[in-house]
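Hello,

Here is the structure I promised to pass on to you. Please have a look at it first, and then read my notes below.

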Amino acid sequence: MNKMWAGRQTKETDKIADDFNSSIHFDSRMYRQDITGSIAHATMLAHRGIISNEDKEKIIEGLTGILGDIESGKLPFDLEAEDIHMFIEGELTARIGDAGKRLHTARSRNDQVAVDIRLYLRDEVTIVIEMVKELIDALASQAEANKRTIMPGYTHLQRAQPIVFGHHLLAYCMMLIRDVTRLEDAVARMNYSPLGSCALSGTTYNTDRRMTAELLGFDGIMENSMDGVSDRDFCLELMSAFSIIMMHLSRLSEEIILWSSWEFSFVELDDAYTTGSSIMPQKKNSDMAELVRGKTGRVYGDLVALLTVLKGLPLAYNKDMQEDKEAVFDSLDTVKKCVEIFIPMIKTMKVKADNMYRAACRGFINATDLADYLVASKGMPFRTAYKITGGIIGYCIEKGKILDDLTVEEYKSFDENFDEGVYEAISLENCIARRISEGSTGYASVDGQIEYVKKFLGK
């Protein structure tokens, strides 16, 4: 394929160099955005009288035909082409002649690729946002179904205080809501057009950059042409948001893996989202959750890779920046796949409420409530109540009992202030109900959190 930039060189580039330089095998996914940007550019050129209306119509008709042929499979990508931009321009010129050669007037591949990747990521992130919202909805549905399901809450992976399972799941809803807003914020900063920046210094043609920005749905233009072609902050910002999403999914994956184990047996994943063992017939492995946990490192790596590429680049465009696409595309694809598998996995997850409750009955997770009983009912200083409760816990461990098993006489042996009211105070259900602070695991609070999530989702 003839190179659009041929002229300066006196000999052909080596085949190895061509292959090394080529990006069409990964940037071809931007074909629609490349064509959309070119149609806007041609429209603006004709509006400014830089090309004729006749040439504009030929260009738009030719580009529309190319788009249709690519999407129908009639026109395969030529992997000998340097990139998607050269492939489409070459095909356009072959179809409509000299009019196709006029398309690149007042434009460089530097601003062309910069606008393509913004358009592509804007489209794709819109999809990711809707997917994350669907996952939030799945978690909120499970939370609502389990808003009275008592389980032990943990700190340091040790049983700490009683909570409801719905409260635990809602914590992940809140994380993912922040993820959605991070993506929205990143898109808002990204949504400015670099088209018309040209190679780095702008153009001598009387173009209208704000017209192309409006045609392409941007909120404005990049105000500095050098920044316009060299900025990849938007990729980094999105990849950072993707990394945080993966971190949240990885934390939830870890909990699902633990909860699915025989040692916990709090939940059971549907067979459709687990695998077996080639040698151990009893195994039911939570491989999808494990893969999500593993792929988190991959997304982190993509972010660090691009940060490293950009850290020493002088202005303006450098070929190093071609490395942005594989990193950001891989990050995007990985997040989409992980969220996609998580949605049905959460929807079909079975909760073993009885096992959760039995676990909550062990481990003295109502110990704080026992101390609070002495403070609230008997006027005892908290530290005094804390020390008495610690002594009772030690006694229970020695005797193989739980707090609920002790008689009033046993309680009185530690302090005369104890009476029958202690049993109401340490009831797990009452421990939950008395959590009245906003955002707590209390029943009313959890109901409020569910409504908050529904409002966010527009339900």
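Let me begin with the contacts, where contact means heavy atoms within 4.5 Å. Of the contacts in the chain with a separation of 6 or more, 75% are between residues 24 or more positions apart. Before you go further, please note that this is a predicted model, in which local features need pLDDT of at least 70, side-chain atom pairs count only at pLDDT 80 or more, and totals for chains, interfaces and linings use all residues. Residues are numbered from 1 along each chain as its sequence is written, and side-chain values use heavy atoms, with hydrogens and water left out.

Now the overall form. The C-alpha trace spans about 100 × 50 × 40 Å along its principal axes. The radius of gyration of the chain is 31 Å, whereas a compact globule of 459 residues would have one near 23 Å; this radius is taken over C-alpha atoms, and the globule rule is 2.2 Å times the number of residues to the power 0.38. Of the 459 residues, 49% count as buried, where buried means under 20% relative accessible area, exposed over 50%, and partly exposed in between (1.4 Å probe, protein chains only). The accessible surface comes to about 22,100 Å², and carbon and sulfur atoms make up 52% of it; the areas come from the Shrake-Rupley method with a 1.4 Å probe, and for residues only the protein chains shown count as cover.

The secondary structure amounts to 20 helices and four strands. Helices (H or I, at least four residues) and strands (E, at least two) are DSSP runs, numbered from the N terminus. Strand β1 (residues 150-155) pairs with strand β2 (residues 158-164) in the antiparallel sense, over six bridges; two strands pair if DSSP finds at least two bridges between them. G153 has Q161 in β2 as its bridge partner. The two strands form a hairpin with two residues between them, and H156 in the turn has a positive phi of about 55°.

What surrounds F165? This residue of helix α8 is buried, with a relative accessible area of 0%. Beyond its neighbours within four places in sequence, F165 is in contact with N146, T149, M151, W259, V267, M349, V351 and M356. F165 and T441 are 276 residues apart in sequence, yet 9.0 Å apart in space, C-alpha to C-alpha.

T212, in helix α9, is also a buried residue, with a relative accessible area of 1%. Neighbours within four places aside, T212 is in contact with A40, H41, M44 and L195.

Finally, some backbone details to look at. Most residues other than glycine have a negative phi, and most peptide bonds are trans. A106 is not a glycine, but has a positive phi of about 60°. A106 sits in the loop between α6 (98-101) and α7 (109-145), and counts as buried at 8% relative accessibility. C198 also has a positive phi, near 60°; its place is the loop between α8 (165-190) and α9 (209-215), and at 7% relative accessibility C198 counts as buried. The peptide bond from L315 to A316 is cis, with omega near 10°, and A316 is in the loop between α12 (287-310) and α13 (323-347).

Best wishes
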